[in-house]
Amino acid sequence: MAYTKYRVDKVAARKKRIEAGEYIKRLRLAHDPKLTQRALADKLKLSYYTFISQVETGTARVPPENLVGWAKALGVDPQEFAKKLLSYYDPHTYKALFPRKR
């Protein structure tokens, strides 16, 4: 195994993105059951509301530079939101930063 090559299990990564999208959808509906994808896109000043759908279905990710804005729009703590998304989007870094206590 080469240590210089970052190996990605595409099936597992896709599954994690889907889980992240489900998490975001739960946050959206918990924040306001009437908050549509279009309304969230408006809050985030996005040109296309379909991006919300892409994130919620796991075909796109929340851009790192927009994590705080998304957290605020969803009514959650930005640090906890970023930490949770890191666990989905980059589980190796998450485990390095937040090892399980035994």
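How many helices and how many strands does the secondary structure of the chain come to? I counted 6 helices and 0 strands. For these terms I used DSSP runs, numbered from the N terminus: a helix is a run of H or I with at least four residues, and a strand is a run of E with at least two.

**Entry 1. The model and the numbering**

I noted that the model is predicted, that local features need a pLDDT of at least 70 and side-chain atom pairs a pLDDT of 80 or more, and that totals for chains, interfaces and linings use all residues. Residues are numbered from 1 along each chain as its sequence is written, and side-chain values use heavy atoms, with hydrogens and water left out.

**Entry 2. The chain as a whole**

I read the elements from the N terminus on as α-α-α-α-α-α. Along its principal axes, the C-alpha trace spans about 50 × 30 × 20 Å. I then looked up burial: of the 102 residues in the chain, 26% are buried. Here buried means under 20% relative accessible area, exposed means over 50%, and partly exposed lies in between, with a 1.4 Å probe and protein chains only.

The chain exposes about 7,600 Å², and carbon and sulfur atoms supply 54% of this area. Accessible areas come from the Shrake-Rupley method with a 1.4 Å probe; for residues, only the protein chains shown count as cover.

I also looked up contacts, meaning heavy atoms within 4.5 Å. Among contacts between residues at least 6 apart in sequence, 54% join residues at least 24 apart.

For the charges, I recorded 22 positive and 10 negative ones, whose mean positions are 4 Å apart. Lys and Arg count as positive and Asp and Glu as negative, while His and the chain ends are not counted. Each charge is placed at NZ of Lys, CZ of Arg, CG of Asp or CD of Glu.

I looked up V55, which is found in helix α3 (residues 50-57). Is V55 buried or exposed? V55 counts as buried because its relative accessibility is 0%. Not counting residues up to four places away in sequence, V55 touches R17, G21, I24, A60, R61, V62, W70 and Y89.

Next I turned to R28 in helix α1 (residues 10-31). R28 has 6% relative accessibility and therefore counts as buried. Its contacts, leaving aside neighbours within four places in sequence, are L35, T36, Q37, L40, E56 and L74.

**Entry 3. H31 and K43**

H31 also has its place in helix α1. At 38% relative accessibility, H31 counts as partly exposed. Which residues is H31 in contact with, leaving aside its neighbours within four places in sequence? I found K43, A73, L74 and G75. The C-alpha atoms of H31 and K101, which are 70 residues apart along the chain, are separated by 31 Å.

K43 is in helix α2, and its relative accessible area of 42% makes this residue partly exposed. With neighbours within four places left aside, K43 is in contact with H31, L35 and A73. I recorded 9.5 Å between the C-alpha atoms of K43 and L74, residues that lie 31 apart along the chain.

**Entry 4. I18**

I18 lies in helix α1. With 30% relative accessibility, I18 is classed as partly exposed. Beyond residues up to four places away in sequence, I18 touches T57 and G58. The C-alpha atoms of I18 and T59 are separated by 7.7 Å, although the two residues are 41 apart along the chain.

Where is the place of K45? I located K45 in the loop between α2 (37-43) and α3. K45 is exposed, since its relative accessible area is 73%. Phi of K45 is near 60°, a positive value in a residue other than glycine. Most residues other than glycine have a negative phi.

**Entry 5. The second largest pocket**

I recorded about 210 Å³ of space in the second largest pocket. Its lining consists of K16, S87, P91, H92, Y94, K95, F98, P99 and R100. Helix α6 (residues 91-97) gives the largest share of this lining, with 4 residues. A pocket is an open set of points on a 1 Å grid over the protein atoms alone, where a 1.4 Å probe fits, with protein on both sides within 12 Å along at least five of seven lines; lining residues have an atom within 4 Å of a point. Grid points are joined across faces, edges and corners, and the volume is the space filled by probe spheres set on the points.
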